[in-house]
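Visitor: Hi! Could you walk me through this model, one topic at a time?
Guide: Happy to, just ask away.

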Amino acid sequence: MATVQQTSIPGYAKTMMIIAFVFMPIFLILPFFFWGNTDTSVDIDRINLIEARILPVGKLNVGEAAPAVASSAETAAFDPQQTYDSVCAACHATTALGAPVFGNHDDWQARLDHAGSLETLVQDGIKGIGAMPPKGGAPISDEQFHDMVVFMLDHADVSH
């Protein structure tokens, strides 16, 4: 029969195990007293700050559509001269892009004759013609664009 040799645990190891057994629960529980939230009172400012940080960025409305609001361009009285000065003059003030020059009878008469009628000339301009974008790039309605064409023809003394 074989004998089992017993080894003994050294004394310093036993001491370390006893110290760990006694103090470990203290080190595990003690932080809760220092860093735990033991304050049961409600801090309204803190709650408001948290709520402000987690507010949604936007809201989705799937109800009825809001009534259409007229844009500022539509609510203001339409001024063809101001529209010409701010948008149209970039191309119609010179012959650089081949656009009929503002006030030049021959240029505008040729353009009207080529189109055949005022309405065709207006419709071509609404769609865009040549290098000109639709409505000349002006944020105006079709009726206002019609008024712009009449304004330019009138200044060129072209009967329409």
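Visitor: Is Thr 83 buried or exposed?
Guide: Thr 83 counts as buried, because its relative accessibility is 7% (buried means under 20% relative accessible area, exposed over 50%, partly exposed in between, with a 1.4 Å probe and protein chains only). This is a predicted model, so local features need pLDDT of at least 70 and side-chain atom pairs count only at pLDDT 80 or more, while totals for chains, interfaces and linings use all residues. Residues are numbered from 1 along each chain as its sequence is written, and side-chain values use heavy atoms, with hydrogens and water left out.

Visitor: Where is the place of Thr 83, and what is it in contact with?
Guide: Thr 83 has its place in helix α4. Helices (H or I, at least four residues) and strands (E, at least two) are DSSP runs, numbered from the N terminus. Setting aside neighbours within four places in sequence, Thr 83 is in contact with Phe 78, Cys 88, Ala 138, Ile 140 and Met 148 (contact means heavy atoms within 4.5 Å).

Visitor: How many helices and strands does the protein chain have?
Guide: The protein chain has 7 helices and 0 strands. Of its 160 residues, 18% are buried. Among contacts with a separation of 6 or more, 50% come from residues 24 or more positions apart.

Visitor: Switching to pockets: what volume does the largest pocket have?
Guide: The largest pocket has a volume of about 480 Å³. Of the 27 residues that line it, the closest to its centre are His 92, Ala 99, Pro 100, Ile 129 and Met 132. On a 1 Å grid over the protein atoms alone, a pocket is an open set of points where a 1.4 Å probe fits, with protein on both sides within 12 Å along at least five of seven lines; lining residues have an atom within 4 Å of a point. Grid points are joined across faces, edges and corners, and the volume is the space filled by probe spheres set on the points.

Visitor: Which element gives the most to that lining?
Guide: That is α4, with 6 residues. The lining of the largest pocket divides into 19 nonpolar, 6 polar and 2 charged residues. Here Ala, Val, Leu, Ile, Met, Phe, Trp, Tyr, Cys and Pro count as nonpolar, Asp, Glu, Lys and Arg as charged, and the others, Gly among them, as polar.

Visitor: And how many aromatic pairs are there?
Guide: The count comes to 3 aromatic pairs. The rings of Phe 23 and Phe 27 have centres 6.5 Å apart and planes at 40 degrees, so this pair is tilted. Rings of Phe, Tyr and Trp (its six-membered ring) pair if their centres lie within 6.5 Å; planes under 30 degrees apart count as stacked, over 60 as edge-to-face and the rest as tilted. Tyr 84, Phe 102 and Phe 151 form one aromatic cluster.

Visitor: Why are Phe 23 and Phe 27 separated by about one helical turn?
Guide: Because they are 4 residues apart in helix α1 (residues 11-35). Phe 23 is partly exposed at 39% relative accessibility, whereas Phe 27 is exposed at 56%.

Visitor: Last topic: which residues other than glycine have a positive phi?
Guide: Among them are Lys 135, with phi near 55 degrees, and Asp 157, with phi of about 55 degrees. Most residues other than glycine have a negative phi. Lys 135 is found in the loop between α6 and α7 and is buried, at 19% relative accessible area. Asp 157 is in the segment after α7 and is exposed, at 64%.
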